[in-house]
Amino acid sequence: MEYRTLGRSGCSVSSLCLGTMTFGAETAEAGAHEQLDVFVEAGGTLVDTADVYSAGAAEEIVGRWLAARPADVRDRVVLATKGRMPMGTEPNAVGNSRRHLRRALDDSLRRLGVEHVDLYQLHAWDPHTPLEETLHFLDDAVHAGTIAYPGLSNFTGWQVQKAIDLAEHRHWAVPVTLQPSYSLLVRQIEFEIVPACLDNGLGLLPWGPLGGGWLSGKYTRDQRPEGATRLGEDPGRGMEAYDRVGAQERTWDVLEAVQDVAEARGASMAQVALAWLAARPAVTSVILGARTTEQLRDDLGAADLVLDAEETARLDAVSDPGAADYPYGEVGAEQRSRDLSGA
């Protein structure tokens with residue numbers, strides 16, 4: 001397992017992170033605890049959860065696992081959680097207001113059975129709460145010792161930059177990470193979000209690295225999903241909906257390239273997709289979201305896989321989302337460039 005700093009902080013974390021969104025929903029507690037044990041035994045340290053995962057059950061499952069393990073195991077874990085999403089039906093049970101985040105953080109700490117978390121992330125932007133209010137709360141939480149570092153999730157490029165600028169201007173705790181959707185099938189964040197993170201030293205914690213299962217090779221062009229898979233149970237599910245993703249020829253081109261590389265290397269398609277992502281600029285740790293321990297063990301094999309330049313170039317080319325000439329294509333890039341010779 002490789003270790004990297006958590007963005008612009010000095011905290012060391014594993015390059016693969018265990019996500020817990022399946023805990024309490026698709027993965028029962030016994031299976032979740034087994035995943036946590038396997039992950040830590042493999043050298044994993046970063047565990048990511050959120051209050052909204054299974055309506056708090058995921059945090060409770062992680063908390064009971066922590067309580068049942070010896071101190072040397074607990075001490076290895078760098079614990080991350082998130083707040084912002086609805087945790088009730090009343091108007092203030094959602095958002096990035098000081099009122100909601102104070103309660104959300106207190107409740108997360110209680111469910112996790114800890115006095116503090118290492119990384120507390122804003123799960124998304126809140127258009128109704130002044131950013132000053134939100135960032136001031138995070139700074140207060142850092143000074144109170146309930147969180148070590150603040151982080152962001154699902155922010156756009158301008159939102160990332162505004163948050164960094166404001167925190168630095170006010171001398172508040174500056175966010176160290178951003179958690180976005182990122183994979184061979186979702187690369188549009190490279191236009192603005194990745195450059196903003198690189199410029200400010202934020203580490204990326206990509207979620208959805210297998211595109212909702214697409215990059216594991218489980219879905220085919222001639223057979224609609226069925227059975228015990230995410231799309232088998234709900235073909236219209238979210239960003240990875242079969243008719244949405246499968247309608248793009250680029251999807252099948254990417255899957256073919258990933259399969260070719262996997263077969264040549266004696267690896268799984270999932271391992272190839274994860275290895276490609278772990279090597280992208282600004283990526284600190286890739287979040288694994290497995291239903292089963294078997295899936296997790298396979299995903300962890302990506303830690304030992306390093307793609308060569310030719311393999312990487314092929315995957316880069318086939319997954320390129322393309323861009324219009326302006327502002328991200330060739331014309332826009334030329335306008336932003338500069339020849340130091342003055343030619």
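**Core, sheet and loops of a predicted model**

Valine 160 touches Leu152, Phe155, Leu178, Ala196, Cys197 and Leu202, leaving aside residues up to four places away in sequence. The model described here is predicted. Val160 belongs to the largest nonpolar core, which has 88 residues. Val160 is among the residues with the most contacts inside this core, together with Tyr120, Leu178, Trp214 and Leu215. Helix α11, residues 269–278, gives the most to the core, with nine residues. A second core of 11 residues is separate and includes Leu6, Leu46, Val78 and Ala80.

The sheet comes next. Eight strands form an open sheet in the order β9-β8-β7-β6-β5-β4-β3-β10, and the pairing is parallel. Strands β9 (203–204) and β10 (286–288) stand at the edges, and each has a single partner strand, so one side of each lacks a neighbour in the sheet. In general, strands of a sheet pair through backbone hydrogen bonds, either parallel or antiparallel. Strand β7 (residues 147–153) pairs with strand β8 (residues 177–179) in the parallel sense, over two bridges. Here, serine 153 stands opposite glutamine 179 of β8.

Strand β3 spans residues 16–19, and both of its faces are covered. Leu16 and Leu18 are buried on one side, and Cys17 and Gly19 are buried on the other. Three bridges pair β3 with β10 in the parallel sense. Cysteine 17 stands opposite isoleucine 287 of β10. Strand β4 (residues 46–48) runs parallel to β3 and is joined to it by two bridges. Aspartate 48 in β4 is the bridge partner of glycine 19. Between β3 and β4 the chain passes through helix α1 (residues 29–41), and this β-α-β crossover is right-handed.

Glycine 83 lies in strand β5, residues 78–83. Its relative accessible area is 0%, so glycine 83 is buried. Beyond four places in sequence, glycine 83 touches Asp51, Asn96, Leu101, Tyr120, Gln121, Leu122 and His123. One of these, Tyr120, is also among the residues with the most contacts inside the largest core.

Arginine 84 is found in the loop between β5 and α4 (98–112). Arginine 84 has a relative accessible area of 16%, under the 20% limit, and is therefore buried. Its phi is near 145°, a positive value in a residue other than glycine. Histidine 171 also is not a glycine, and its phi is positive at about 60°. Histidine 171 sits in the loop between α6 (157–170) and β8. At 70% relative accessibility, histidine 171 counts as exposed. Most residues other than glycine have a negative phi, and most peptide bonds are trans. A cis peptide bond joins tyrosine 326 and proline 327, with omega about 5°. Proline 327 is in the loop between α13 and α14 (330–336).

Glutamate 240 is in the loop between α8 (230–233) and α9 (242–245). Glutamate 240 is buried, with a relative accessible area of 14%. Not counting residues up to four places away in sequence, glutamate 240 touches Gly211, Gly212, Trp214, Leu231 and Val245. Glutamate 132, in helix α5 (residues 131–144), counts as partly exposed at 34% relative accessibility. Outside four places in sequence, glutamate 132 is in contact with Leu166, Arg170 and Trp172. Glutamate 132 and arginine 170 are 38 residues apart in sequence, yet their C-alpha atoms are 9.0 Å apart in space.

Helix α13 covers residues 309–319, and its buried residues are Glu311, Leu315 and Ser319. These residues span an arc of only 50° around the axis, so they lie on the same side of α13. The face turned away from this buried side carries the exposed residues Ala309, Glu310 and Ala317. Helices α10 (249–265) and α11 are included in what covers the buried residues of α13. At the start of α13, a side-chain oxygen of aspartate 308 reaches to within 3.1 Å of the backbone nitrogen of glutamate 310.

Technical notes
Residues numbered from 1 in each chain as written. Predicted model: local features only at pLDDT ≥ 70, side-chain atom pairs only at ≥ 80, totals over all residues. Heavy atoms only, no water. Pairing = 2+ DSSP bridges. Helix = DSSP H or I, 4+ residues; strand = E, 2+ residues; numbered from the N terminus. Core = buried A, V, L, I, M, F, W, Y, C linked by side-chain atoms within 4.5 Å. Buried < 20%, exposed > 50% of the residue type's maximum accessible area, 1.4 Å probe, protein only. Contact = heavy atoms within 4.5 Å. Arc of directions from axis to C-beta. Polar contact = N/O pair within 3.5 Å; in protein donor to acceptor, adjacent residues only side chain to side chain. Right-handed = clockwise from strand over helix to strand, strands pointing away.
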